Amino acid sequence: MKRLLVLIGSLLAVCGLLAYSSHALSTSSGDTGSKVLNLYNWGDYIDPQLLKTFQKETGYHVNVETFDSNEAMYTKLKQGGTHYDLTVPSDYMVNKLKEAHLLQPIDKSRLTGLANLDPQFLNKSYDPGNRYSLPYFWGTLGIIYNDQFVKPGSLQHWSQLWSPKYRDQIMLIDSARDILGMALAEQGHSMNTTDPGTLLAATKKLDALSPNVKAVVADEIKMYMSQNEAAVAVDWSGEAAEMLSNNPHLHYVVPNEGSNLWIDNLVIPKSAQHYQAIYAFLNFMNRPANAAQNAEYIGYATPNRRAKALLPAKIRNDPQFYPDERTLRHLQIYRNLSPQLVQLYNDRYLEFKMHH
């Protein structure tokens with residue numbers, strides 16, 4: 001009898017351990033409960049107050065897990081074992097996820113507010129007809145400058161970054177596609193070039209920029225620019241918005257000869273389970289008032305045209321973050337390149353970074 005009790009106790013302990021492990025797995029890869037929505041998002045990429053409002057309105061508890069790159073998100077979805085209901089890939093990554101059969105099509109019959117979305121951010125090459133994605137935020141790659149060191153309005157083009165007067169004064173965001181893309185655009189080439197010779201020429205162009213580069217950094221670029229540590233930076237519009245809000249001497253410019261237009265999107269992973277919660281959330285975020293609130297909190301541009309109309313005039317009329325049509329016509333969306341080409345971009349970029 002004693003041995004039986006010991007055996008039962010051991011089995012209960014094992015069951016408890018398995019239950020704990022299962023709970024830990026579910027909290028890190030999406031809860032499978034019925035009244036939840038599992039959102040896999042970039043860090044600090046939604047107004048927390050909106051999540052509270054959604055939960056109060058619908059009764060669905062939102063579990064948020066974050067990633068720091070499109071590639072990290074892709075790898076986790078590819079490995080499987082997750083139960084995310086929605087995630088937020090950038091344009092080219094939508095195409096990559098779709099080709100890997102990691103997405104479910106969106107049932108548009110269950111959507112409301114589609115007419116609120118600006119047509120210029122729909123039906124893009126990475127997802128014709130928006131079968132798998134809905135635009136969430138959009139923005140650009142551009143130049144931030146400090147008017148304590150740079151004459152206001154004097155820095156408008158990529159080519160000016162190579163001027164000797166900016167020696168050891170420029171900070172670059174640590175991103176292969178963006179920094180090589182900047183050099184390609186400066187030379188009048190596609191930011192999606194597949195020609196190794198053109199990419200090599202862009203690398204040499206970047207090497208010529210090296211004397212002017214103070215540092216190649218990641219998120220800390222916002223702190224450095226806000227604290228007047230450099231005269232110039234190359235970064236994304238949303239990051240620029242945060243910098244400008246912290247330092248009135250900073251300005252953001254999108255060179256009209258060409259730059260990157262990026263669009264982040266909401267998509268439904270293949271392993272999603274909570275469809276009522278998914279469509280309730282998509283419709284909630286499509287409401288103009290909610291999209292406007294989110295845009296004010298995040299600082300990126302909203303693709304919801306009715307939400308844009310609700311933003312303060314100083315935001316919606318700011319060409320730094322809502323560029324004019326002429327500039328928009330010259331912006332390029334990154335395409336999903338083959339693994340071999342991605343590796344070539346990374347290799348060329350690392351060659352440049354070795355100088356820093």
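Strands (E, at least two residues) and helices (H or I, at least four) are DSSP runs, numbered from the N terminus. The model is predicted, so that local features need pLDDT of at least 70 and side-chain atom pairs count only at pLDDT 80 or more, whereas totals for chains, interfaces and linings use all residues. Residues are numbered from 1 along each chain as its sequence is written, and side-chain values use heavy atoms, with hydrogens and water left out.

Two strands are taken to pair if DSSP finds at least two bridges between them. Strand S5 (residues 133–146) pairs with S10 in the antiparallel sense over 7 bridges, and within this pairing Leu-134 stands opposite Leu-266 of S10. Strand S4 (residues 103–104) also runs antiparallel to S10, joined by 2 bridges, with Pro-269 of S10 as the bridge partner of Leu-103. Strand S11 (residues 331–332), by contrast, pairs with S10 in the parallel sense over 2 bridges, and Ser-259 stands opposite Leu-331 in S11.

Tyr-92 is listed by UniProt, in an unreviewed entry, under "binding site"; such annotations may be inferred rather than shown by experiment. Tyr-92 lies in helix H4 (residues 91–99) and is buried, with a relative accessible area of 15%. Residues up to four places away in sequence aside, Tyr-92 touches Asn-70, Glu-71, Tyr-334, Arg-335 and Asn-336, contact meaning heavy atoms within 4.5 Å.

How values were computed: Buried < 20%, exposed > 50% of the residue type's maximum accessible area, 1.4 Å probe, protein only.
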